[in-house]
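I opened this structure to look up two things.

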Amino acid sequence: MQTALSEEIDVELSLDLYRCMLQLRDFELKVQELYRTGSMPGFVHLYVGEEAVAAGVCASLKREDLVYSTHRGHGHALAKGVPARELMAELWGKRTGCCGGRGGSMHTFAPEYGFMGTNGIVGGSIPLAAGSALAAQLRNSGQVVVSFFGDGAVNAGSFHESLNLAAVWNLPVVFACENNLYATEMAFYRATKNTSVASRAAAYAIPGQEVDGVDVYEVYGAAKKAIQRARTGGGPTLLEFKTYRTLGHHEGDPGTEYRTREEVAQWKARCPIKSLRERMIGSGQANESQFEQIQKDTDAWLDDAVQFAKSSPTPDPQTVLEHS
Amino acid sequence: MTNKQREITYGEAGVEALREEMGRDPSIVYIGQGIGPRGGNFRQTRGLWKEFGDGRLRDTGICELGETGLAIGAAMNGCRAIVDEVFLDFILEAMTQVIQQAATIHYLSNGKIKVPVVIRGAMGSVRNAGAQHAHSFYAWFAHTPGLKVAVPSTPYDCKGLLKTALRQDTPVMFIEHKGLYNSKGEVPEGEFLVPFGKASVRREGSDVTIVAVGRMVQLASEAASALQDEGIAAEVIDPRTVAPLDRDTILRSVAKTGRLAVVDEAPAACGFSGEVIALVSTHGFDSLDAPPRRICSLHVPNPFSPALENEMMPSVTKVVSEVREMLRG
């Protein structure tokens, strides 16, 4: 149990991590609201409960570093620096979205911020991330690539082939598994005999580490080390972040048929945002008014994004064949 | 110096294209099985490893999905990448990466992400390798938005199209034919490109248009020679790329000849032959003097026994007799 701030993490960084997690949470809750009222098309998979992973990992990345994400990727995009306005407009299928409305939630790309895409195919982006790391190595670009994926991806062939090649070629990539215990409705222990993702690193002779994925300090510390290792020629690392999505698989899935209410309540109680706030107040590192200010800032930030997206024009149908 | 042009093989022409382009563009990386010291199962990378080394020629184990995905990812981050499936048959292990990732990302990113990847593989039947090493499913890729598909039939085109492929900003399927690697043809030394979407008229004629790609061009040309002896002048069109497809050259030819036959090593159902016939039926219907014909492989997997496979595949004899029937009834 951690009672004090980690030595590496000062108050300013702690507050930044808090702000980032709160933005991710409130953005998703707003998307849920907009989606439920029918104003947002498509399908959305919300990141509520897992905020500490994206915030803690991306805090150590530079703008030119790359992130490859998943179908549950709004949080990764925001944490990597994609402006909320552009992301919200993309989810709404608007011309001002980061892909001009061509991608939507599961195909959102913003390479100018090093965000190489959410992805609708589970495991589909893992080889792409390793390949971009190969390019970084060949071009000596100094970039590190982070590949986010869930527990649902680790039993797919793309996981194995990518980790194997990344290991043998010593590529600058961090494999960040968000183990939220369920692939849609499939419990991880029912899908595989070896439920330790981190232990699979041994199969590729690379470092693997299990991390408490709702403790943002733990996430930050482990990711920073892995990113540093990748950047200095130490090759790939497999990190397994134990986390939980407190909502359903996608918006519309109640998520109650395959999980008990007790289990969900237990994980909700371990909310990464609330626990950081309590910890910082408890240790005297910050006070209530600071957190109130962050909440106000976040409300304004989110209102701005929603207004921008709402008032943005839809794409011109005549442009449908552009970039084909 | 003689005026006679230099002759090299189809395989050598591909190697020459790679050598020139890899020398010109240091961002090119080549990924595949046996493409390093071995020089490729079809000798399609012979000598390149010595010149460019382990860094740029990435030999892998057997993992087509990984190889292909990594090549696409490398192309998304500043490299030009070639992934060699060697046998096109093996690309099936990697299809999700080709169709779901490579083909979509440039468009979905609103053109922000370039994906300059060349996905290479050799199709078709050669020396009775059997069903799992003999597929000709090049048309699947032309069916997919976001992919260009080159299908070279000569050493000249192999070099010129591969060089063009390596200068695109979006994915190219470069589909050779296993049975053509040792075929020889004139290839000028040094720099030249063959543009995409520009068909070649392999032989001029006024009585019937025969459209074919890959190894079937050779077969169609042999059939045309035999038909010439019977007084039938066949025009042979080789589209060279099926995506983009040079519709104008095909339509112009049929406008002249009034008859169309398509020779395809793939089966007829939902394939390239049907596409060409649909094109002509839609945009050149008034030119047609007879129903178009397709001379394609029969609708079964390639059988092993030469006696059966020969029956299953298009042949010069079959093309000659089908075309003769079209003209003589």
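Predicted model: local features only at pLDDT ≥ 70, side-chain atom pairs only at ≥ 80, totals over all residues.

Entry 1: I looked up the strand order in chain A. I found an open sheet of 5 strands, ordered 1-2-3-7-6, with parallel pairing. Next I checked the edges. Strand 1 (66-68) and strand 6 (208-212) of chain A stand there, and each has a single partner strand, so one side of each is left without a neighbour in the sheet.

**Entry 2: one strand pair.** I picked strand 3 (residues 173-179) and strand 7 (residues 237-242) of chain A. They run parallel, and 6 bridges join them. Which residue of strand 7 stands opposite Cys177(A)? I noted Glu240(A). I then turned to helix 8 (residues 216-231) of chain A, which packs on the sheet. This helix touches strand 3, strand 6 and strand 7 of chain A. Its direction makes about 170° with that of strand 7.

**Entry 3: the contact with chain B.** I looked up how the chains meet. On chain A, 31 residues are in contact with 30 residues of chain B. Two elements of chain A give two or more residues to this side: helix 5 (126-139) and helix 6 (157-168). Helix 5 gives the most, with 11 residues. I sorted the chain A side by class and wrote down 15 nonpolar, 13 polar and 3 charged residues.

Definitions and conventions. Residues numbered from 1 in each chain as written. Chains lettered and ligands numbered in written order. Pairing = 2+ DSSP bridges. Helix = DSSP H or I, 4+ residues; strand = E, 2+ residues; numbered from the N terminus. Contact = placed C-beta atoms within 7 Å. Axes fitted to C-alpha atoms, helices over the stretch in contact; angles between N-to-C directions. Nonpolar A, V, L, I, M, F, W, Y, C, P; charged D, E, K, R; others polar.
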